[in-house]
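Hi,

Here is the structure I promised to pass on. Have a look at it first, and then read my notes below.

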Amino acid sequence: MGEHISKWTTAGKGLIRSYLTQTIGASAVIISLTIPAVLGSMGIAIDSGQIYLAKKRLEHAIDAAALAAAGSSALSEEEMIQRVYDFIEANYSDDKLGEIEDIIIRMTEDSLSVSASVYVDTIFLQFLGVNTAEASSDTKVVREVRGIEVMMVLDVTGSMSSNNNIASLRTAATNFVDILYDRSNEDDTIKIGMVPYSSAVNVGPYGLGKNPDGSDYGDPFVTAPSNDRYYSNSSSIRFDQSRSKQWHGCVLARDYPEDTKDSDADGSWTWEMYRSYFNDSTSYNTRRNAEYYNDRYGPNYQCNEAYVVPLTSDASYLKEEIRDLEAYGFTYGNLGMVWGYRMLSPNFPFQEAAPFDDLIWQKVVVMMTDGNNTMNSEYSAYGGTRTHNVSVSDLNERFEEVCTEMKKKGIQIYTVTFSGGVSNSTKGYYRRCASDATKYFDAPSQNDLVNTFEQISKELSNLYITQ
């Protein structure tokens with residue numbers, strides 16, 4: 001029995017060995033025939049992957065180039081073309097995967113288009129007669145305003161009356177509004193407001209909860225002094241710019257550091273009415289008896305009557321208010337800036353603005369001055385000069401603090417220094433306040449001021465890729 005098993009096992013091994021030999025031989029033939037096809041497919045896949053990667057890198061490079069070139073209207077046509085080439089070179093990876101050629105740039109007033117091709121040397125396809133493969137891409141950047149909130153913070157101090165500079169500011173601000181609205185398809189995607197500033201900021205009838213037409217605006221946020229030097233009953237004070245004894249709309253600054261901050265979200269902040277008085281009692285008694293307690297010597301001394309305009313899509317109304325700007329008062333740029341900040345905030349008291357984290361709306365301040373911060377020797381938003389210890393240095397430092405706070409909230413800041421009366425030190429404050437070096441402008445002449453506002457309004461057009 002054992003002998004039969006042994007013979008069968010030996011015979012079985014032979015049969016298996018014979019089968020394997022025949023099978024392996026046949027498989028070897030099949031494999032040898034298949035290898036070229038497999039390697040060819042792998043080669044095509046590798047080349048295709050390289051071409052795809054080159055195309056994606058090219059798309060990224062020309063998108064970045066188009067955005068960079070279209071993002072600044074300050075560039076000449078030649079400079080924009082050079083910027084396209086520079087950005088393509090910088091953004092196409094070091095291991096270039098071919099050479100970029102056929103760069104075509106087309107420009108119109110409102111758009112910039114870029115197309116290009118990259119030619120990639122093949123590795124395996126060359127065996128099929130294809131030595132290079134082309135990958136192409138194109139992009140178009142369109143300037144169009146979409147969801148922008150802009151606050152113009154404008155110097156209307158007494159020095160702006162020199163050479164009728166205030167008229168140039170009116171022209172510049174009006175053109176600014178027109179350009180933004182002309183470039184928009186939908187007016188409700190633009191909201192623009194205005195903060196004229198001088199010795200104080202005038203919040204107008206809004207401070208007492210009223211709109212300019214007398215209708216209700218919201219909760220009052222300005223309080224009358226408990227003891228007024230001009231009215232025995234301070235509760236009778238109202239907003240009325242036709243009567244000098246009444247309140248013309250300016251408010252006192254809050255104490256530091258609240259004079260650099262956004263107001264409370266819960267609406268608990270209030271501001272006290274600006275009611276001028278003089279430190280010298282004899283001088284005060286003489287001046288207070290002037291005709292109707294006039295603006296020069298009465299409760300509204302150095303209060304510029306131009307009041308704020310909350311964010312609005314009503315361009316006509318905004319331009320009417322711009323036409324009424326007059327030059328009067330001293331320079332407290334820190335207060336102009338902090339009220340610009342507050343009016344771009346959704347917090348009380350002005351609540352037209354979108355939330356800071358709303359990605360649809362871009363928030364912008366355009367801050368302009370024609371001179372250095374100065375302290376009034378008699379009275380200002382910080383009260384009488386003998387009742388506070390605020391210095392010009394404090395105003396400058398608080399201006400910088402406000403700028404820092406705003407940039408932390410994502411507000412884009414443009415700053416403009418106008419005329420020859422601005423010191424290098426003040427220019428430094430404004431340069432540092434701007435969101436970056438390209439957003440600071442020095443405008444020595446009236447034409448420069450108008451041109452600068454036009455340039456900023458064009459740059460504020462949102463950029464987006466359409467192709």
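Let's start with the disulfide between Cys403 and Cys433, where the torsion about the S-S bond is about -85°, so this disulfide is left-handed. Keep in mind as you read that the model is predicted. The two sulfur atoms of Cys403 and Cys433 sit 2.1 Å apart, and a pair of cysteine sulfur atoms has to be within 2.5 Å to count as a disulfide.

Where do Cys403 and Cys433 lie? Cys403 is in helix α7 (residues 392–408) and Cys433 is in helix α8 (residues 424–433), so the bond ties together parts that are 30 residues apart in sequence. Are these two cysteines buried or exposed? Cys403 has a relative accessibility of 2%, which counts as buried. Cys433 is buried too, at 3%. For reference, the cut-off for buried is under 20% relative accessible area.

How many disulfides does the count come to? The answer is two, and the other bond is the one between Cys250 and Cys303, with 2.1 Å between the sulfurs. Here the S-S torsion is about 90°, so the disulfide of Cys250 and Cys303 is right-handed. Cys250 belongs to strand β8 (residues 250–251), while Cys303 is in the loop between α4 (281–288) and β10 (309–312), so this pair links parts that are 53 residues apart in sequence.

If you number the bonded cysteines of the protein chain in sequence order, the pairing reads 1-2, 3-4.

Now for a pair of helices. Helix α3 (residues 165–182) packs with helix α5 (residues 315–323) at an angle of about 170°, and their axes are 9 Å apart. Why call α3 roughly antiparallel to α5? Angles over 145 degrees count as roughly antiparallel, and the angle of about 170° between α3 and α5 therefore makes them roughly antiparallel.

Which residues make the contact? From α3 they are Arg170, Ala173, Thr174, Val177, Asp178 and Tyr181. On the α5 side you'll find Ala315, Leu318, Lys319, Ile322 and Arg323. Sorted by type, the residues of this contact come out as six nonpolar, one polar and four charged.

Cheers

Terms used
Residues numbered from 1 in each chain as written. Predicted model: local features only at pLDDT ≥ 70, side-chain atom pairs only at ≥ 80, totals over all residues. Heavy atoms only, no water. Axes fitted to C-alpha atoms, helices over the stretch in contact; angles between N-to-C directions. Helix = DSSP H or I, 4+ residues; strand = E, 2+ residues; numbered from the N terminus. Parallel < 35°, antiparallel > 145°, perpendicular 65-115°, else oblique. Contact = heavy atoms within 4.5 Å. Nonpolar A, V, L, I, M, F, W, Y, C, P; charged D, E, K, R; others polar. Buried < 20%, exposed > 50% of the residue type's maximum accessible area, 1.4 Å probe, protein only.
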